Amino acid sequence: MVFIELFWTFLKIGLFTFGGGYAMIALIQNEVTVNHRWLTPQEFTDILAVSQMTPGPVGINTATYTGYTAVMNAGYEPWQAVVGALVASGAVILLPVALMVVAVVFLRRMSGNKDLENVLKVLRKVVVGLIAAAALQLLTVESFGEPGWSMQFVLSVIVFGAVFFLSMKKVSPILLILASGVVGLVVYGL
């Protein structure tokens, strides 16, 4: 049954993801497009784009939309897809919330411990690697189009470069998302 599989999959994702939502994207993508084949790579790319544009943490948003879409793709009714969204969202946060409560108590007691500080230094580097892996997995044909001189590919590379450059200059991410949406509307809507 898809609901049990969703719960178990997102429970594991929530437990083994360190570094927040962007670090969890690579795990979610692998689970839902490769292992379970609930979504196509194009559907996942679309879900990720919507998840980044909507309020809230990107990892939970992605789990929510993925749960909904997976249940709809399995042939269930829309109200059951809402249950799938709730199952995926609840599962992805269940263990991290419990572990955070334990971690807060532990970190308060171990404050100033050199061994703990050394472990945290290494974990910071792991988180950067997970976020980089998620970014690299999004460099796909579904996101950029076929490499070459096609309009979609050239526009994708230009928008990517511009957003990357402007984000390094501390331009508001909200403004960048809105501007990118306007570019997409103008280019593809006409």
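The model is predicted, so local features need pLDDT of at least 70 and side-chain atom pairs count only at pLDDT 80 or more, while totals for chains, interfaces and linings use all residues. Residues are numbered from 1 along each chain as its sequence is written, and side-chain values use heavy atoms, with hydrogens and water left out.

**Exercise 1. Find the salt bridge and describe its two partners.**

Step 1. Start with the rule: a side-chain nitrogen of Lys or Arg must lie within 4 Å of a carboxyl oxygen of Asp or Glu. The count by this rule is one.

Step 2. The partners are Lys-114 and Glu-117, with 3.8 Å from N to O.

Step 3. Both belong to helix H6, three residues apart, or about one turn of the helix. Helices here are DSSP runs of H or I with at least four residues, numbered from the N terminus.

Step 4. Now check the exposure, where buried means under 20% relative accessible area, exposed over 50%, and partly exposed in between (1.4 Å probe, protein chains only). Lys-114 is exposed at 58%, and Glu-117 is partly exposed at 34%.

**Exercise 2. Work out which helices supply the nonpolar surface patch.**

Step 1. List the members: Phe-106, Leu-107, Val-119, Leu-120, Val-122, Leu-123 and Val-126, with about 550 Å² of accessible area together. Such a patch takes residues with over 30% relative accessible area and no salt bridge, joining nonpolar side chains (Val, Leu, Ile, Met, Phe, Trp, Tyr) within 5 Å. Areas come from the Shrake-Rupley method with a 1.4 Å probe, and for residues only the protein chains shown count as cover.

Step 2. Assign them: helix H5 (78-109) and helix H6 (114-137) each supply at least two, and H6 gives the most, with five.

Step 3. Take one member as a check: Val-126 sits in H6 and is partly exposed, at 38% relative accessible area.

**Exercise 3. Describe the lining of the largest pocket.**

Step 1. A pocket is an open set of points on a 1 Å grid over the protein atoms alone, where a 1.4 Å probe fits, with protein on both sides within 12 Å along at least five of seven lines; lining residues have an atom within 4 Å of a point.

Step 2. The volume is about 1,700 Å³, taken as the space filled by probe spheres set on points joined across faces, edges and corners. Of the 35 lining residues, Gln-52, Val-159, Phe-160, Val-163 and Ser-180 are closest to the centre.

Step 3. Helix H8 (151-168) is among the contributors and gives the largest share, nine residues.

Note on methods:
Patch = residues over 30% accessible without salt bridge, like charges linked within 9 Å, V, L, I, M, F, W, Y side chains within 5 Å. Nonpolar A, V, L, I, M, F, W, Y, C, P; charged D, E, K, R; others polar.
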